[in-house]
Amino acid sequence: MSAKAEVGLVREASRQIVAGGSAGLVEICLMHPLDVVKTRFQIQRCTTDPNSYKSLGDSFRMIFRTEGLFGFYKGILPPILAETPKRAVKFFTFEQYKKLLGYVSLSPAVQPSTMSYARHIIKKEGFGLQGLNKGFTATLGRHGVFNMVYFGFYYNVKNIIPVNKDPTLEFLRKFGIGLLSGTIASVINIPFDVAKSRIQGPQPVPGEIKYRTCFKTMATVYREEGILALYKGLLPKIMRLGPGGAVMLLVYEYTHSWLQENW
């Protein structure tokens with residue numbers, strides 16, 4: 001491979017990484033409040049739970065009344081630090097898979113601080129699956145299932161629906177497909193999300209660990225609370241990852257196109 005070709009590959013990889021990281025950062029900043037609401041719904045176990053919310057509107061009112069505007073942005077630093085580089089790698093990796101495999105058709109800020117929480121968890125419980133890596137399997141399942149459906153649906157359906165020459169209609173075409181991709185992926189992967197929230201969240205009885213592993217947690221929730229409990233927080237999740245998924249893909253594609261033209 002010539003030196004010129006190598007420089008071209010590095011430049012293209014850099015475009016993909018920058019565009020992917022930008023897409024992740026924009027999506028997180030816009031949609032994080034809905035993630036806060038979704039998590040609050042998932043960790044409540046019954047109507048007598050002190051954190052219980054009667055409805056989506058009630059949750060927004062209570063958080064705003066008791067915690068203020070910054071209450072909706074609690075915990076935003078960890079996803080920014082984790083998701084921005086992760087989504088840069090995600091889009092870069094996906095672009096490489098596309099080349100290798102081709103298209104396959106389908107049948108206040110944080111208080112205490114993030115570092116303070118991390119130090120506390122490491123000191124008390126260590127780095128293991130009951131410490132800083134608690135909920136690892138559920139997180140792996142959540143992201144794996146979501147990305148499989150999200151990317152697979154978007155890029156296959158985008159190739160089926162014809163490109164529109166009108167820029168506005170083309171934008172709406174991509175946004176609609178991205179919205180549907182994020183929505184379908186959210187519906188399919190939310191049981192893993194509920195399991196993750198239960199494992200990482202406060203346990204029903206202080207000092208006793210009830211939720212330990214991903215599939216055992218799903219089984220416990222299903223047995224004690226019914227099938228619908230595995231879909232708690234679905235509405236705020238769809239409200240976040242439906243339009244959020246569309247925003248992320250559009251920011252990536254338009255940023256990548258701009259970088260190709262100007263860099």
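**Entry 1, ground rules.** I work with a predicted model in which local features need pLDDT of at least 70 and side-chain atom pairs count only at pLDDT 80 or more, while totals for chains, interfaces and linings use all residues. Residues are numbered from 1 along each chain as its sequence is written, and side-chain values use heavy atoms, with hydrogens and water left out.

I took helices as DSSP runs of H or I with at least four residues, numbered from the N terminus, and axes as lines fitted to C-alpha atoms over the stretch in contact, with angles from 0 to 180 degrees between N-to-C directions. I then listed the contact (heavy atoms within 4.5 Å): α5 brings Phe146, Tyr150, Phe151, Tyr154, Tyr155 and Lys158, and α8 brings Leu241, Gly245, Met248, Leu249, Tyr252 and Glu253.

I defined a nonpolar core as a set of buried Ala, Val, Leu, Ile, Met, Phe, Trp, Tyr and Cys residues joined through side-chain atoms within 4.5 Å, where buried means under 20% relative accessible area, exposed over 50% and partly exposed in between, with a 1.4 Å probe and protein chains only. The largest such core has 18 residues, of which Phe91, Tyr150, Phe151, Tyr155, Leu249 and Tyr252 touch the most other members. Helices α1 (3-43), α3 (77-101), α5, α6 (167-200) and α8 each supply at least two residues of this core, and α5 gives the most, with 8 residues. For Phe91 I set aside the neighbours within four places in sequence, and the remaining contacts are Gln16, Gly20, Ala23, Phe151, Met248, Leu249 and Tyr252. I also noted a second, separate core of 11 residues, which includes Ala195, Cys214, Val221 and Leu230.

Gly176 lies in helix α6 and is partly exposed, with a relative accessible area of 32%. I checked the C-alpha atoms of Gly176 and Ala246, which are separated by 7.3 Å although the residues are 70 residues apart along the chain.
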